[in-house]
2 protein chains.
Amino acid sequence: MSRTRVTSFAISLDGFGTGEPQTRETPFGHAGERLHEWMFATRWWRGANEPGGSRGVDDAFARQFEPGIGAEIMGANKFGPPGWHEDPDWKGWWGPNPPFHTPTFVLTHHAREPIEMEGGTTFYFVEGTPQEVLEQVREAAGGKDVRIGGGATIIRDFLSAGLIDHLHVVQVPILLGRGSRLWDGLEGLEKDFDVEAVTSPSGVTHLTFTRTEG
Amino acid sequence: MSRTRVTSFAISLDGFGTGEPQTRETPFGHAGERLHEWMFATRWWRGANEPGGSRGVDDAFARQFEPGIGAEIMGANKFGPPGWHEDPDWKGWWGPNPPFHTPTFVLTHHAREPIEMEGGTTFYFVEGTPQEVLEQVREAAGGKDVRIGGGATIIRDFLSAGLIDHLHVVQVPILLGRGSRLWDGLEGLEKDFDVEAVTSPSGVTHLTFTRTEG
């Protein structure tokens with residue numbers, strides 16, 4: 001059965017998935033790269049062109065990004081900096097071959113034509129409730145899982161709507177103080193999930209929420 | 001040297017140290033006892049009168065509550081429910097022999113005479129900035145450490161003032177959604193501390209912030 005998954009979504013101890021302000025030069029605002037250093041240090045991230053990298057728990061979780069995923073849904077603020085919709089040539093942060101390699105749906109009020117990139121990624125621009133969008137995206141995923149790619153607001157919306165089956169959050173021991181917060185308004189979320197936490201020698205804590213069967 | 005310490009302060013995943021509303025019947029509001037179940041399950045908590053209890057990491061941390069402490073500072077909301085100062089007979093939640101066994105200072109705008117309890121606890125009622133109060137309390141601690149006992153607001157105030165040497169927070173995997181939040185307004189706190197995280201089989205994550213030497 002096709003599940004809805006969040007993989008390796010990083011937040012600060014105070015719950016922010018990004019800092020502020022988000023600009024073309026600083027996609028994560030004042031957080032910089034600090035929320036993702038644990039991932040850059042993994043064998044998985046380094047890939048074929050760079051030696052070394054950790055092969056422990058951080059690497060094991062990071063590797064769950066791609067397998068089994070048939071499509072991604074992301075928020076408008078993940079696709080580009082504020083105002084990207086006014087630039088007809090904006091094609092995301094990721095260069096000609098984005099790391100998604102599947103149909104990738106951007107939730108936005110500013111419709112535009114799909115953009116076909118190299119490597120299997122096609123960006124579609126859609127609007128609607130989480131339920132409506134998920135229904136459409138599940139078809140595009142061809143029976144595989146749908147990744148909810150962030151940012152914090154989109155993940156929170158899908159959690160509130162009860163549409164996430166598996167949530168993997170990486171808590172980084174820094175305090176950002178401001179930005180976009182993941183956990184607001186989710187009282188009692190844990191009741192529908194099996195929750196696990198495990199710390200890594202890198203200092204981060206991996207939290208997994210797996211929807212309880214039945 | 002006398003240090004200022006926070007021991008076993010429990011928060012939810014979304015950072016709340018207590019729920020709401022706080023009343024005489026519900027000192028932690030809608031959180032109930034859920035933030036402290038990990039502690040009730042320890043050998044240390046059960047004490048001489050109750051058998052069993054965990055002897056692992058939760059127990060090791062819980063046992064740091066008393067040794068080396070010469071005095072406690074607590075906020076008015078820890079001492080009693082809203083309006084306690086209008087009740088001249090209110091002596092805290094803890095019965096005739098409170099678990100502090102040292103001079104214990106309640107930060108409040110409502111001065112009253114000290115209350116001497118059994119077992120070494122005397123409640124003093126004081127007012128002032130964190131710096132002023134800490135200076136006074138250090139003397140009462142007789143060279144030992146000072147515990148900052150909570151709630152979240154008081155700990156946050158002392159952290160903001162740079163007055164905490166060791167912070168031990170226990171993150172419980174529940175989402176409270178509302179209450180009194182620990183982490184607000186503490187951007188960059190980690191820069192002055194060595195931070196560790198360790199998870200327990202009970203499901204909680206122990207976070208320690210130890211002020212960097214020099």
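How much area is buried between chain A and chain B, and what share of it do carbon and sulfur atoms give?

## The buried area

About 2100 Å² is buried between chain A and chain B, and carbon and sulfur atoms give 55% of it. Buried area here is the accessible area (1.4 Å probe) that two parts lose on being put together, summed over both. In chain A, the residues that lose the most area to chain B are A:Leu13, A:Leu175 and A:Glu187, together 30% of what that side buries.

Before going on, a word on the model: it is predicted, local features need pLDDT of at least 70, side-chain atom pairs count only at pLDDT 80 or more, and totals for chains, interfaces and linings use all residues. Residues are numbered from 1 along each chain as its sequence is written, chains are lettered from A and ligands numbered from 1 in the order in which they are written, and side-chain values use heavy atoms, with hydrogens and water left out.

## Two copies, one axis

The same surface serves both copies, since 100% of the contact residues of chain A recur in chain B.

## Who touches whom

Contact (heavy atoms within 4.5 Å) links 27 residues of chain A with 27 residues of chain B. There are 6 salt bridges between the chains, each a side-chain nitrogen of Lys or Arg within 4 Å of a carboxyl oxygen of Asp or Glu. One of them joins the side chains of A:Arg34 and B:Glu190, at 3.7 Å from N to O.

## The sheet in chain A

Now look inside chain A, where 9 strands form an open sheet with mixed pairing, in the order S5-S6-S4-S3-S7-S1-S8-S11-S10. Strands are DSSP runs (E, at least two residues), numbered from the N terminus, and two strands pair if DSSP finds at least two bridges between them. The edge strands, S5 (115–116) and S10 of chain A, each pair on one side only.

S5(A) pairs with strand S6 (residues 122–126) of chain A in the antiparallel sense, over 2 bridges. Here A:Ile115 stands opposite A:Phe123 in S6(A).

Notes
Helices (H or I, at least four residues) and strands (E, at least two) are DSSP runs, numbered from the N terminus.
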